[in-house]
Amino acid sequence: MGTGMPDSEASPLVAVDFAGRVCTEEFAPLHAEARPGARVLDVYGERLTWHLEHPKKDSEELPKWVERTLMPRILDAMQDRRAVVVFCDGSMYPKPKCRTGAAFRAYRNGRLLVKRGIAGGRGTSYDAEMMAGGMALAFATKQSCETIHVIADNESALKTLLDPGMHGQQLVSVVACRNAREWLTKDERRRIVFHWCPSHEGVEWNELVDEDAKHAADIPLERDECSLAHAQHLLAVQLKADWRDEYRGSRAYAGRNFLRLKAFDPPNHLSSPALQAHGHSKTTMARFCRAVLDHAPLGSFRQRFFAHEPTECPECGVLQDRAHVLFKCTRYRRWWELRGEFEFLLRVSAYRELNGFLTTNESAFSFEDAPT
Ligand SMILES: [Zn+2]
């Protein structure tokens, strides 16, 4: 393939090779800052605080929490003469090419000290948030103050900024650790506090830095930068496209008798509609899989593999196959009258209806209802 993207026949190693060649991000897993027992987290853990607990996003409690808990904390920090407060944010624009921007604003005693933004190349929002945090900490640790407050709306970035272990933007963490260590060593009263702050909940400083990050994404870059997470994203996009084509183009790929519900098209590697509906019960999940794969203890299955065993529906006296169970058998309750699977699959809510059928008829597609 001209893009250098591995095709579906390629081995996992080819994918690793692709990610390695496309990604420009560097890592330093054996850096001194990453030495277990000697990390900033190990040595200065008591002087680091994370305020990450908060009500769920989009919940009713969130605005109240912002007003009563978060805002007083931010205002205290902003009024503290011995503290530097940095708000940081990252942005990612999917088009074109997932370009990122990172920005921070630093305040002391309520006054803006500096605002800065950089473009981060191709990456994910997490990459951008990490760059923003790293950049903010680099500035704040050059100041002579007692407390640094880092305020951002990305929880994972706040958690990993001082974690030099292996993760995306690990080098940003290594540099952040080095800066933090240098600053913390100079005075034992010094401490760093990380705060999670929701975006678009009326915290003005967060909105401002959000705008800065968006503008920063438009700054032209001298060379094409690409994070590891973005290279992995490119691989996932290609894999999903290959998978979708195979599913749609080859009857044999999914199995000739696979019930081609719209919920499974295109196939998805991250979430399964079936697990959402039946994941709570092994038996229902099993019946669902048997129905979709046409691999149930039905007469039609026996006909193929155990020809000497009975194959007729005990209730109706005809061959018991999937279509019989779903559309004809008098044993089950159903709220449709259809001639066959093709008509069923055309229904907008076929997937929901199959789920409803399985829940209503607890013995359908189970051994209990096999021909005797
Ligand atoms: Zn029947």
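Residues are numbered from 1 along each chain as its sequence is written. In this predicted model, local features need pLDDT of at least 70 and side-chain atom pairs count only at pLDDT 80 or more, whereas totals for chains, interfaces and linings use all residues.

The chain contains 15 helices and 6 strands, where helices (H or I, at least four residues) and strands (E, at least two) are DSSP runs numbered from the N terminus. The C-alpha trace spans about 90 × 50 × 40 Å along its principal axes. The radius of gyration of the chain is 29 Å, while a compact globule of 372 residues would have a value near 21 Å; the radius is taken over C-alpha atoms, and the globule rule is 2.2 Å times the number of residues to the power 0.38. The domain assignment gives domain 1 (24-226) and domain 2 (254-369), with bounds that come from an automatic or database domain assignment. The C-alpha centres of domain 1 and domain 2 are 51 Å apart.

Residues 80-218 are 37% helix and 32% strand.

Helix H7 (residues 204-216) reaches 19 Å from its first C-alpha to its last, close to the 18 Å expected at 1.5 Å a residue; the expected span is 1.5 Å times one less than the number of residues. Its buried residues are Asn206, Val209, Asp212, Ala213 and Ala216. They lie on the same side of H7, because they cover an arc of only 120° around the axis, taken from the directions from the helix axis to the C-beta atoms. A residue is buried if 20 or more other C-beta atoms, placed from the backbone, lie within 10 Å of its own, exposed if 12 or fewer, and partly exposed in between.

Most residues other than glycine have a negative phi, and most peptide bonds are trans. A cis peptide bond, with omega about -10°, joins lysine 95 and proline 96, and proline 96 is in the loop between E2 and E3. Asparagine 109, in the loop between E3 and E4, has a positive phi of about 55°. Asparagine 109 counts as partly exposed because it has 13 C-beta neighbours inside 10 Å. Phenylalanine 365 has phi near 60°, and is buried, with 26 other C-beta atoms within 10 Å.
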